[in-house]
Amino acid sequence: MPGWEGILIQFSFIGMGLGLALGLPAYLRRRWPEAFTPRVGDVVRTCLPWAAAVAAVVGLTWLYWAVGGTLGVAHPAERDAHEELLTGVGALWALAGSAAVWTLSRPRPTGVPHRLLLALGWLGSGSLFAWSGWKLPLTLFIALTHPTDVTLPENPAVAAALHLAAVVAGVGMLRSLVGSRPPAPAGTSPIPCTHNNWADTGREAR
């Protein structure tokens, strides 16, 4: 491949990533504006966000692997600095998104700007879903076919379970962010965790 072609391909990926990162939140802002308006602590819930807890577990496990932990790693010699860096970046985004969603669910307001928490929650959710969304089928394929030229550093079952949890957590965190609502009027019940906020906001938007 000529050098200019490789540079062009890399910049095309960067442009596509920036376009999605800017365009999709702008669409959500128009589609569900109430998710972007309440202050921190305005959303009243009856339980803690499960997706944030799952993301925290995934992030802590990845962070443990990134700093050299070997529990759950079947072939430590296969790991290199590049692999550990990617794992560490994924761990940081998972933990940042988890902390943001957890803070947004608290009944008490904080000094952190609401839009900053939304941005961190959005990026953490997207990182979990996008990264593990393609790693999960690849991990399952390697675990089932056992190719001779590819060896996963991690235990395939552990890696697949973590990627599946990350995908689910990413979707759950996005639902929590989009489904956040202002406080209910006096005399009404708080928002339960099983409340279908997407359906309500869809009807309101229409």
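Student: Why is the contact between Arg-79 and Glu-154 called a salt bridge?
Tutor: This is a predicted model, and in it a nitrogen of the Arg-79 side chain lies 2.7 Å from an oxygen of the Glu-154 side chain. The cut-off for a salt bridge is 4 Å, between a side-chain nitrogen of Lys or Arg and a carboxyl oxygen of Asp or Glu. The value of 2.7 Å is within that cut-off, so the pair qualifies.

Student: What lets such side chains pair at all?
Tutor: Side chains of opposite charge can pair when their charged atoms come close.

Student: How many salt bridges does a search of the whole structure find?
Tutor: It finds one.

Student: Why does the pair tie together parts that are apart in sequence?
Tutor: Look at the two loops. Arg-79 sits in the loop between α2 (50-66) and α3, while Glu-154 sits in the loop between α4 (114-145) and α5, so the pair links parts 75 residues apart in sequence.

Student: What makes the link between Glu-154 and Arg-79 a polar contact as well?
Tutor: Their side chains are joined at 2.7 Å. A polar contact needs a pair of N or O atoms within 3.5 Å, one able to donate a hydrogen and the other to accept it. The 2.7 Å pair is listed as such a contact.

Student: Why does Glu-154 count as buried?
Tutor: Its relative accessibility is 8%. Buried means under 20%. Glu-154 therefore counts as buried. Arg-79 is buried too.

Student: Which residues is Glu-154 in contact with, leaving aside neighbours within four places in sequence?
Tutor: Trp-65, Gly-72, Val-73, Ala-74, Arg-79, Glu-83 and Ala-159. Contact here means heavy atoms within 4.5 Å.

Student: Why is Leu-138 called partly exposed?
Tutor: Leu-138 has 35% relative accessibility. Buried is under 20% and exposed is over 50%, with partly exposed in between. So 35% makes Leu-138 partly exposed. Leu-138 is in helix α4.

Student: What makes Leu-128 buried?
Tutor: Its relative accessible area is 1%. That value is under the 20% limit, so Leu-128 is buried. Leu-128 is also in helix α4. Beyond four places in sequence, Leu-128 touches residues including Ala-55, Val-58, Trp-62, Ala-94 and Met-173. The C-alpha atoms of Leu-128 and Ala-94 are 6.3 Å apart, although the two are 34 residues apart in sequence.

Student: Which residues in α2 and α4 meet?
Tutor: Ala-55, Val-58 and Trp-62 in α2 meet Leu-128, Trp-131 and Ser-132 in α4. By class, this contact has five nonpolar residues, one polar and no charged. The axes come within 12 Å and cross at roughly 65°. α2 passes α4 in a left-handed crossing.

Student: How are two packed helices described?
Tutor: By the angle between their axes and the distance between the axes.

Student: Where do the axes of α3 and α5 stand on that description?
Tutor: Helix α3 (residues 81-104) and helix α5 (residues 156-178) have axes that come within 11 Å and cross at roughly 35°. α3 passes α5 in a left-handed crossing.

Student: Which residues in α3 and α5 meet?
Tutor: On the α3 side they are Gly-97, Ser-98, Val-101 and Leu-104. On the α5 side they are Met-173, Ser-176 and Leu-177. The contact divides into four nonpolar, three polar and no charged residues. Gly counts as polar here.

Student: What pattern does the protein follow along the sequence?
Tutor: α-α-α-α-α-α. The protein has six helices and zero strands. Of its 206 residues, 34% count as buried. Among contacts between residues at least 6 apart in sequence, 77% join residues at least 24 apart.

Conventions: Residues numbered from 1 in each chain as written. Predicted model: local features only at pLDDT ≥ 70, side-chain atom pairs only at ≥ 80, totals over all residues. Heavy atoms only, no water. Axes fitted to C-alpha atoms, helices over the stretch in contact; angles between N-to-C directions. Helix = DSSP H or I, 4+ residues; strand = E, 2+ residues; numbered from the N terminus. Left-handed = near helix turned anticlockwise from the far one by under 90°. Buried < 20%, exposed > 50% of the residue type's maximum accessible area, 1.4 Å probe, protein only.
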